[in-house]
Amino acid sequence: MSLSRFVKLGAVLALGMPFSVGVALAQDPVTKGGILIYLEQQSHTNLYPPAGGFYPNSGVLNQITDKLTYQNPKTLEIEPWIAESWTVNAKATEYVFKIRPGVTFSDGAPLDAAAVAKNFDTYGLGNKELKHPVSEVITNYKGSEVIDPLTVKFFFTKPSVGFLQGTSVIGSGLVSLKTLAMPDEALGDATKIIGSGPFVVTSEVLGRELTMTARKDYKWGPAKLAHQGPPNLDGIKYVITPEDSVRIGALLAGQAQVIRQVQAYDEKQVQAKNFLIYAPPTRGVNNSVVFRPDNALVADLKVRQALLHATNAKEIVATLFSANYPQAKSIIASTAQGYVDLSAKLTFDPVLAAKLLDEAGWTVGPKGVRQKDGKELVLTAYESPPQPQNKETLQLVAQQWAKLGVKLSVLAGDAGSRVADSLDPLKTPVAPAMVGRADPDVIRSQYYPTTRNVLLQKGGVSTRVQTFSDDKLNGLLEAIAAETDPAKRMALVGDVQAYVIDQAYAIPIFEEPQAFAASPRLKDFTFEAVGRPSFYAAWLAPK
Amino acid sequence: MARYLLGRIGQAMAVLAVTFTAAFLLLQVLPGDAIMIKFMSPEMGLSADQIAEIRAAYGADLPIWEQYLRTVANFLTGNFGYSIQAGVPVSQQLATNLPPTLLLASLGFIVAVILTVALASLSNMTGMGWLRSALQSLPSLFISVPVFWLGIMLIQIFSFQLGLVSVISPGPVERLILPVATLAIPISAPLAQILMRNIDEVLTQPFVAVACAKGASRGWVLWRHVARNAVLPTLTIAGVLFGELLAGAVVTEAVYGLNGLGGLTYQAVGNHDTAVLQAIVVVSALAFVTINLIVDLLYPVLDPRLSRKIGATA
């Protein structure tokens, strides 16, 4: 491949090609029909829609379910989909949605106000008998009321501004009452997930492959999309191919047209053959390292600040990743709502870092490890397997910290130990963290004690936390969830970003994309707001 | 013979019961369980109360002995429970994963046996010394080839470069060609090594010299006199290896994207999916016990001296 071509390809990718292919390059006529072969790295797990955050699950759910609203991935505006229109009261405690008429689930049942109400009652309150847990994106949910067959009203105990965006996420995908009547432990069978989406799962070999077929009667895609009516493809075949080299080899050999999970170091191999890398952003909380200040070792602000300035995110991105993984400039992605550039506070400054550690009383001991009152500054973190090259990232952070005399042990461990120890600040003073969602509510989800609680504050699931709690942080997070004025809400989002960095609770490293590689034959391959694939408008050009 | 069989079946049942209990206890000792891993993971964003409710609904808050009795009762009625992580009944997982594993393991094993016999007989039949030593050193090569490397090489060459077989959407037979080769090559290695060494040993026995002196050809001696004596230790190893194949060809499955017990076990271990592991342990134990029983019953068929011994002890 010539250099100029490589540069051109790079330039196209840098311009955000994934979102503009349809408009910019749609010169050739759309070819209808054909089966798309999609290679997935891991098998999906339970497909209860609120568990749709897991990348393999969202790849399936996004094709088979519709959502009440559509979040435009370019503008992040909320647009009509299954809901034609909606109204919200001034306090954001009551929402009324008008449902589009004529929508049906693939089992023939109507998608009406009653079905929507039942979906959100389940996601908002959970179902004890059937063991369905509450959805992460729906908070303060009180109940629903079916006003007429196509009008539904939701009530909240407290102002819940994030709910409107919450109706657009994959985790709020609408499913048939039959699906909701099944116990949680039976929802791992994709053929049992009955949605109203453009594709229907027609068969599945658990853990190996699943086949989706287009719904020819589908005519209720998001109203403002260029593509309308049934999908262009006849179907999609998902094949689980765990081995990286086999996925890439099969793509390049023409045995598949799109693959998920391409590591940064494999990108060049794909581009060299004129295949395309798509790396849509996940627009949420950046891939970061967070502290658990309940642990005495990192309770001191100066220690955390020192480690923040000892971390060279630029080196991590340059060594392990590619241009598709931009260096973080805040705790949330630059493509996220309310983002504020805080790079001035995130400088790599080993001299300052050493000074701060000295001031905090941690002096370099005989073995080169800093100590204070006979205790060594030795920290531990578990790798997070779903994050790209997370082990390598943490190991590089460990090398950077080691230069200052701080030891970071990176553990792999089995899932049981990882989850148990991650809830214990004494065992994991440091942890990797990231989450994708295109609403400022994501910051609250990530840091608030009763939700993801990445800092391990008191009041969460962990019983190991002694005292740590930050009322100021929690106050800001609650305000984001309740503030109805968009401008004021964005101001709060800015405040919380600055506060988390000033307190050095988190060290943001890079903005995490979800990386795909595809054949040049695949056209109009698009992504929803947080980088999950959508094949609704996709089509395959002739060979 | 009937008493012997009954005794052996009784033994097998005891082994199964002990395995079941040991597996249950060991799974309890591990830190955390499937419910914790799934629902307490921060991605779910659940509160402590919500998790407690879910634990209660799954019966995970009951005392261990009560959980044990429930599990035993369920197993006896054929109810293996649900996989918490995958969200499907364990019986459905077994139904999807056991047949392909059985097929792959059996074919891999058969091809391995053919390879073994071919290697052993060729190396003993050939008059050419260099060929003989080349053939005899093949097993050492086979055993040192890492399975994942072999698998990826076969795919790269035969599927991606030459385009002879598809790995992504293959036909039912096509699907098996490369994985069977990947499995058979390393499995044939220890079998061939043992068989060759035993043949060499038996060849030094006096009765071989007698047979040769009577004018028997090399092939005749090898097949009629030597093979029968040399095959017994190989059979024992073969039984063990086949059991291992059933318990999972994890690497082969992962490379070829095949579903099977290996991958299922790997995932269930990672997620502490107790119900799945419990079922897999029982199925694997059952397979081992059955294969050993078959091997034991085959001994007297091959060597009449052993049947008298069985008669004396039973």
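**Strand pairing and overall form**

Modeller: A:Glu145 stands opposite A:Lys153 in S7(A). This is a predicted model, in which local features need pLDDT of at least 70 and side-chain atom pairs count only at pLDDT 80 or more, while totals for chains, interfaces and linings use all residues. Residues are numbered from 1 along each chain as its sequence is written, and chains are lettered from A and ligands numbered from 1 in the order in which they are written.

Biologist: How many bridges join strand S6 of chain A to strand S7 of chain A?

Modeller: Strands are DSSP runs (E, at least two residues), as helices are (H or I, at least four), numbered from the N terminus; two strands pair if DSSP finds at least two bridges between them. S6(A) covers residues 141–148 and S7(A) residues 151–156, and the two run antiparallel. A hairpin through 2 residues connects them. The number of bridges joining S6(A) to S7(A) is 6.

Biologist: In S7(A), which residue is the bridge partner of A:Glu94?

Modeller: Strand S5 of chain A, residues 94–99, pairs with S7(A) in the antiparallel sense over 5 bridges. The partner of A:Glu94 in S7(A) is A:Phe155.

Biologist: Which are the edge strands of the open sheet in chain A?

Modeller: The sheet has 4 strands in the order S4-S5-S7-S6 (chain A), with antiparallel pairing. Each edge strand pairs on one side only, and these are S4 (83–88) and S6 of chain A.

Biologist: What angle does the direction of helix H4 of chain A make with that of S6(A)?

Modeller: Angles run from 0 to 180 degrees between N-to-C directions, with axes fitted to C-alpha atoms, for helices over the stretch in contact (C-beta atoms, placed from the backbone, within 7 Å). H4(A), residues 113–125, packs on the sheet and touches S5, S6 and S7 of chain A. Its angle with S6(A) is about 175°.

Biologist: What radius of gyration does chain A have?

Modeller: The radius is taken over C-alpha atoms, and the globule rule is 2.2 Å times the number of residues to the power 0.38. For 543 residues, a compact globule would have a value near 24 Å, which agrees with that of chain A: 24 Å.

Biologist: How many of the residues of helix H12 of chain B are buried?

Modeller: A residue is buried if 20 or more other C-beta atoms, placed from the backbone, lie within 10 Å of its own, exposed if 12 or fewer, and partly exposed in between. The buried residues of H12(B), which spans 261–271, include B:Leu264 and B:Ala268. The helix is mostly covered, the buried count being 8 of its 11 residues.

Key. Contact = placed C-beta atoms within 7 Å.
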